[in-house]
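Welcome to this short tour of a protein model. Please take a moment to look it over, and then we will walk through some of its contacts together.

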Amino acid sequence: MSIEITRLNRLFAILVMWVVAYQVTQIIKSRNLSFIASWIKASSADLSTKLGGELSIEEVGNELLQFLEEKTDSKVSALYSSEDSKNLNFVVGRAFRPEEGKEKIQLGEGFLGKAAAGKNITVLNNITPEHFKIITAFGESSTASLTIVPLISNNKSIGAIELGHMADVKDYEVGLFEEIRSIVTSAIKSAQYKQRLNDLLQEAQQYSEELQVQQEELRSTNEELEQQAQNLRATHARLENQQAEMEQTNQQLEEQTQTLETQKGLLNERNKDLIASQKELENTAIQLKNASQYKSEFLANMSHELRTPLNSTLILAKLLSENKKKNLTDEQIKYAETIYRSGNDLLNLINDILDLSKVEAGKMLVNPEIIDLESLIVSMELLFRPIANDKKIDFKLHIENMARKDIITDRTRLEQILKNFLSNAFKFTAKGSVSFSISSVDNLISFSITDTGIGIAENEQEVIFEAFRQADGTTNRKFGGTGLGLSISKELAGLLNGEIKVASQKSKGSTFTLLIPRVLKQQTDKKEQFKRAPVIDISAQTEVIKDDQLQNEIFKFSFEDDRDNIHEYGRKMLIIEDDEEFAKILFDLAHEMNFGAIISQTCEEAIALAKHYRPNAIVLDLRLPDHSGMIVLDNLKMNPGTRHIPIHIISSSDFSRSALEMGAAGYILKPVKRDQLLIAFQNISSKLDQKLKRVLVVEDEEVQRNHIFNLLSDHSVEVDAVESSTEALEKLTSNTYDCMIMDLSLPDMSGYELLSKISKNNATYSFPPVIIYTARDLTKEEEERLRLYSGSIIIKGAKSPERLLSEVTLFLHRVETDLPVERQKMLSELRSRDKALEDNTILIVDDDIRNIFALTSALESFGANIEVARNGLEAIEKVNSLPQINLVLMDIMMPEMDGHEATREIRKLEKFKDLPIIALTAKAMKDDRDKCLEAGANDYLAKPLDIDKLLSLIRIWLPQKRTFTK
Amino acid sequence: MKNSEISKLEIELLIQAIFAKYQYDFREYSRPSLMRRLEQAKIRFNIKTISEIQNKVLHEKDFFPKLIPYLTVNTTEFFRDHQYFESLRTKVFPFLKTFPSLKIWVAGCSTGEEVVSLSILLKEASITKYLIYATDINPMNLEKARKGIYSTELMIKAEENYKNAGGANSLSDYYDIAYESVKFHDSLYKNVIFSDHSLATDSVFSETHFISCRNVLIYFNRPLQERAYTLFNDSLVRGGFLGLGNRETLQFSHLKNNFIPIDLENRVFQKTL
């Protein structure tokens, strides 16, 4: 019995447990259901906020697909829209792009078309693995299932969403899809409507423009017609007058005509004769020209051909005369020696002919180099002293005291001329003296050789320069020589841009003087020289390298950034850096500080990414493959949607001042230590949350001070207002400010003094961005001085509070100001790395303060001293008064005197004909370049300026100057 | 090929020829206008086809300068659309006065009427520290603008526009009359640089505070308009102003968010701060 009871009891207990268990499962199930229901509600509410507002259809698509990817396990997705309920057009996709030509699908055709035409959501589980593959850098995997969500409004299809999943589609996901259909439908409809409206508006705008064009043309045509009518009237009146005159003249003419007719016949015949003889002359001229050229070429070739056999003759004659085998008689040795001597004379003659014909044929090139006159004179003395001693002739050498004893010309040719003069002098002088003196006349160098020899009669002084002629037919026999020396010298002097002068008296002696410019320019024309200059090659090369880099080096990083799972991170950072190693360091550091990081290597992509992901902070390198990173800074700071994002610059070139002016949050110079990076990142991180910004106001007048105080205090800003410079300095010692607003007239110290004091004591005072707020009327010079410290100067007036407020807001977006001490230190490091510009003085000629400012800070950071001229006239004054200037950067478009004219004026002055001038212009066409070069510029760079390119141009042109000052 | 198609082809070839030989870039100018203007040119020069124009452009040295006035339309007058100048005087100048010195760019200055108008208004607003860059692609226009000599006939309309724009004096205070012509005072040109600049090929040359470019962009196609807007955007300081012609608008430009309409009716925009 008790056993039965026990059994029953147990049975009952089991039953109860079953019931309880069932109940609990039911509760859990219903809880789950309600949890899913509320998740779906919350998610769809989330989506409807995201799709609220005026979005374009692409924006709707992007938001939607991103949302679906976050909420469900879809890995690939696409949105199609339909305007006409006939075709589906691809809008956007994630991890998917339709093939070319397949962006459009007919509704009802194909799987997607059919599913989209239906009313219900289609779910396809267990699709074949080949259906669609998700391909990543590591490999590929297949989608397991597909969902197609048709979007329907008023029974018409307006689009569809297609989603691919890695696993089977879950019920709650379908629930979500169902829930959001109406939200998406209405968002797409409103976007489509907006698009249509926009299209229509654009079309209307085009019509409106065309209408205006036609009106303008009509007006223009009217004006032209009016002008023509006026001209016609005037012409008509004139014509009537003329007609009367003409009638008179006509009569006279008719009479004359008859006379002329008779003469004409005569003339015609003479004309024929003339034409015939002219043709003959032309032919002869051509023949002559050809003949002369043939002659030169023939001589050049022939001389060369002659030298070869002659050389062997000479060697053999020499061997014979040495009589090594002792088998020749004295007479035979004498013969051999004679053969040798005559051969040598012949060789000299041929060499001379060769030289002469080379010069005449234009084949001789000059090769300018620096020549020290002292050493030149020494080498001449060494050469001719033995002859002088031998002939017992006094040989005097003299060099005049002159400013510079170095010249630039072709050494070989110069020596050839001087040797010829000297050997002539010794040759024709039997007793007395030969003197050689060098002096400078104006900008020419004069080499004079005076002898007391036989001299040349006045009527023969011309003849001696003609080839194969000497003064007196008998001279040749008496003194030997080919008679070619002087003709060659004359031609060579021409090559050196110089000339030869002779002063002589029969039997008293002669003076031959060679005059050449101190600096020989290549005689080719300017343009050709430009083409040959290394400048172009180098810049072209860098360009090519850049392009190659763009092709090859982008998308090559071996690690993936966080862009695909960025929503897992609370804070996002955009890193713009093309050096993989450094990018990886920044990437890891970002993770350390709990940032999700997206990496971009180009400006273009970075700007797009910043706009899309809206990161909390950006780290920017300036040297990027496509453009300078400054473009990213400028672009993002100009865009209201991205302006607030703090941008930190890490770069190897120091443009910190302009970057901070443009709104950069911080600037770190490469190479950079990890500690520095860590501090910078910590600053970004901590300041991101900090809401309170600090502004220092320096204004002595109480009403104004309170006014500014009130103006700014509304904006979650802490304002410290002080009334004197001393107080301001005190504040700057103990605090860091995000921005400083100051008046220029202060009681104890002028605004300029205050600013220069702060900037000189970077270590003591922190130097925030400055806004000058003044009632004073500034002169150009004052403005320029202030621009060194401040990018925004506001003159008080009706609209000034408005501008002040905007400028302050702009500055407050930065999270961190200058690091003065470090910056200074790093600046000096930089200077030791690049000494190219050190101790050079560069004159910047430009009227645009922004350009002057940017160029000055860039070039000064490389150690150059900068002088500034604001127009052509000032530039000429500066180069005249400051001899240390060794390069000029010349803007073309300027007031008073433009760059072309200024360059021409500078070049007119002899002492500046070698001063390097680089023209800077906004004009882009090739004849603009030619214009700059024609005006005398050495080189040319188009705006907007690429600082790197400019630096390399400057480096290239500077050494030229250096060779002169050495 | 239809006749109209042949004409189209001829225009393209002509434009390429002009660009290759003279570097004047009309490649992105709106075609219907060019077509009409070239029809006019054909009548004026008594030429049958556009190809003949091309022939002359390539082979006759002094033909191209004569053709330029037909490729560009140069209608302008003193204080044209006086409401625009009124708007500058009342809405733009007060703000410009907060800058220590001003740079103004009149892009497409034609024969200089607008430059003179601006100079006069600036003078009357007591703005003295300014520089006007007046640019155009037609050298003959620039030559005329530099001289500052105009027909007296224009002065009746000019005086009326000046008064309507809110001018303080009489326009004749600013010019002298001789030989049925007027010459504006040199003081109005003291701060003006006339220069050759093409919005189609050249780039920004200076930072500016105000750019006036009216009835120029209507001759451009959309990409070229965008190029010009980009130049303006790059040149203007934060808070600088842009004035356009009365049918031109920034509404469809990718830069529209960079500008706020200050006076939409008169097409005056301010670059955002």
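A salt bridge here is a side-chain nitrogen of Lys or Arg within 4 Å of a carboxyl oxygen of Asp or Glu. B:Lys163 counts as partly exposed because its relative accessibility is 46%. Please keep in mind that this is a predicted model.

**Salt bridges**

Over all chains, the rule gives 32 salt bridges. Here are some of them, with their N to O distances.

| Salt bridge | Distance (N to O) |
|---|---|
| B:Glu12 and B:Arg31 | 2.6 Å |
| B:Asp263 and B:Lys91 | 3.3 Å |
| B:Arg36 and A:Glu217 | 2.7 Å |

Which parts of chain B does the pair B:Asp263 and B:Lys91 tie together? B:Asp263 lies in strand β9 (residues 259-263) and B:Lys91 in helix α5 (residues 82-96) of chain B, so the pair ties together parts that are 172 residues apart in sequence. B:Asp263 is buried, with a relative accessible area of 9%, whereas B:Lys91 counts as partly exposed at 37% relative accessibility.

The C-alpha atoms of B:Gln16 and B:Gln54 are 9.7 Å apart, although 38 residues separate the two along the chain.

**Where the chains meet**

How many residues does each chain give to the contact? Chain A gives 57 residues and chain B gives 59 residues. Together they bury about 5200 Å², of which 47% is on carbon and sulfur atoms. Six salt bridges cross the interface of chain A and chain B. Among the elements of chain A that give two or more residues to the side touching chain B are α4 (171-322), α20 (780-787) and β25 (792-795). The largest share, 22 residues, comes from α4(A). By class, this side of chain A has 18 nonpolar, 16 polar and 23 charged residues. There are also 16 residue pairs in polar contact between chain A and chain B.

One network of salt bridges that share partners joins A:Glu210, A:Glu217 and B:Arg36.

**Inside chain A**

Chain A has 27 helices and 30 strands, and buried residues make up 43% of its 966 residues. One residue to look up is A:Asn886, in strand β28 (residues 885-891) of chain A. At 13% relative accessibility, A:Asn886 counts as buried. Its side chain makes a polar contact with the side chain of A:Asn840, at 2.7 Å.

**Aromatic rings**

Over all chains, the count comes to 27 aromatic pairs. One of them joins B:Tyr84 and B:Phe85 edge-to-face, with 5.4 Å centre to centre and 85 degrees between the planes. Both B:Tyr84 and B:Phe85 are buried. Elsewhere to look, B:Tyr22, B:Tyr24, B:Phe26, B:Tyr29, B:Phe64 and B:Phe220 form one aromatic cluster.

Note on methods. Residues are numbered from 1 along each chain as its sequence is written. Chains are lettered from A and ligands numbered from 1 in the order in which they are written. This is a predicted model: local features need pLDDT of at least 70, side-chain atom pairs count only at pLDDT 80 or more; totals for chains, interfaces and linings use all residues. Side-chain values use heavy atoms; hydrogens and water are left out. Contact means heavy atoms within 4.5 Å. Buried area is the accessible area (1.4 Å probe) that two parts lose on being put together, summed over both. A polar contact is a pair of N or O atoms within 3.5 Å; within protein, one must be able to donate a hydrogen and the other to accept it, and residues adjacent in sequence count only if both atoms are side-chain atoms. Helices (H or I, at least four residues) and strands (E, at least two) are DSSP runs, numbered from the N terminus. Ala, Val, Leu, Ile, Met, Phe, Trp, Tyr, Cys and Pro count as nonpolar, Asp, Glu, Lys and Arg as charged, and the others, Gly among them, as polar. Rings of Phe, Tyr and Trp (its six-membered ring) pair if their centres lie within 6.5 Å; planes under 30 degrees apart count as stacked, over 60 as edge-to-face and the rest as tilted. Buried means under 20% relative accessible area, exposed over 50%, partly exposed in between (1.4 Å probe, protein chains only).
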